[in-house]
Amino acid sequence: MQDLHTAQTAQDDIERSIVSGILSARIKPGTRLSENQLATLFGVSRTRVREAMMRLETRAIVHVSPRRGWFVAEPSAGEAMTVYAARRVIESGLLRSMNELTEAGREKLHAHLAEEKEAISAGDKQRLTCLMGDFHIRLAELSGNGVLIEILRDLTARTILISLLYQSDFHAMQSHLGHCAIVDALEAGNFARAAELSIAHLEEVEEGLDLTSRRDPLSELRTSLSLPPAAANSKEAAVSSQKK
């Protein structure tokens with residue numbers, strides 16, 4: 001019985017660590033997740049790692065490639081739209097169902113907004129990516145509903161993967177002001193208004209995505225080798241081909 005409990009705890013730790021890594025933007029879309037390495041890091045068998053990864057796969061956080069292994073998901077443009085649609089329904093419904101903002105809740109939200117402002121001043125993009133997603137999890141935590149919190153964590157993780165793939169420019173201040181407006185409405189006790197603002201905010205963020213582009217998977221190596229961007233390479237190749 002103890003062994004089963006230990007195994008379950010290890011699986012939960014693996015899942016939490018991977019989702020947390022995505023939420024903090026430390027783990028990027030398409031990152032390979034080695035069963036052997038994870039088994040060593042968490043002190044469990046590859047079977048336990050595989051079980052954890054299969055659970056993450058059902059949550060659309062990772063996917064498996066035959067004979068290659070596990071990889072962090074790279075959401076398609078179509079998936080991006082469905083994720084944002086789901087978030088609008090869930091978050092607006094959550095806010096609309098509220099009838100009170102406790103003093104403790106108010107303090108947590110204000111502390112979070114202060115962190116966002118500090119990160120914007122410091123120009124810390126990775127920290128901002130984490131905080132901007134974390135704000136929506138904080139909203140879910142106000143409900144005290146564990147199921148909603150887990151759903152929002154997963155959707156937020158997928159949203160961060162989407163942002164890393166499709167968000168060419170990060171409008172941090174715009175997102176921060178959207179969060180401030182939602183908090184203002186909550187403090188005023190206007191939960192219907194907060195719900196409307198959450199929909200508008202998510203629509204604004206979605207509209208800022210370039211769903212026609214994809215991240216260059218070789219960008220880091222390309223920069224290290226001082227090679228031109230992929231687009232420039234493609235253009236030069238096309239011109240060269242035409243000349244021939």
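Mentor: Please note that this is a predicted model. Let us begin with strand 2 and strand 3, which run antiparallel and are joined by four bridges.

Trainee: Which residue in strand 3 is the bridge partner of Val62?

Mentor: Val62 is partnered by Val72 of strand 3.

Trainee: And how many bridges join strand 1 to strand 3?

Mentor: Strand 1 and strand 3 are joined by two bridges, and they too run antiparallel. Here the bridge partner of Leu33 is Trp70, in strand 3.

Trainee: Going back to the hairpin of strand 2 and strand 3, how many residues lie between the strands?

Mentor: Three residues lie between the strands of that hairpin, where Arg67 takes a positive phi near 65°. Most residues other than glycine have a negative phi. Arg67 is not a glycine, yet its phi is positive.

Trainee: Is Arg67 buried or exposed?

Mentor: Arg67 is exposed, because its relative accessible area is 86%, and the cut-off for exposed is over 50%.

Trainee: Changing topic, what about the phi of Ala25?

Mentor: Ala25 has a positive phi of about 65°, although it is not a glycine.

Trainee: Where is Ala25 found?

Mentor: Ala25 sits in the loop that links helix 1 (2–23) with strand 1 (32–33).

Trainee: Is Ala25 buried or exposed, and why?

Mentor: Ala25 is buried, because its relative accessible area is 4%, and buried means under 20%.

How values were computed. Residues numbered from 1 in each chain as written. Predicted model: local features only at pLDDT ≥ 70, side-chain atom pairs only at ≥ 80, totals over all residues. Heavy atoms only, no water. Buried < 20%, exposed > 50% of the residue type's maximum accessible area, 1.4 Å probe, protein only. Pairing = 2+ DSSP bridges.
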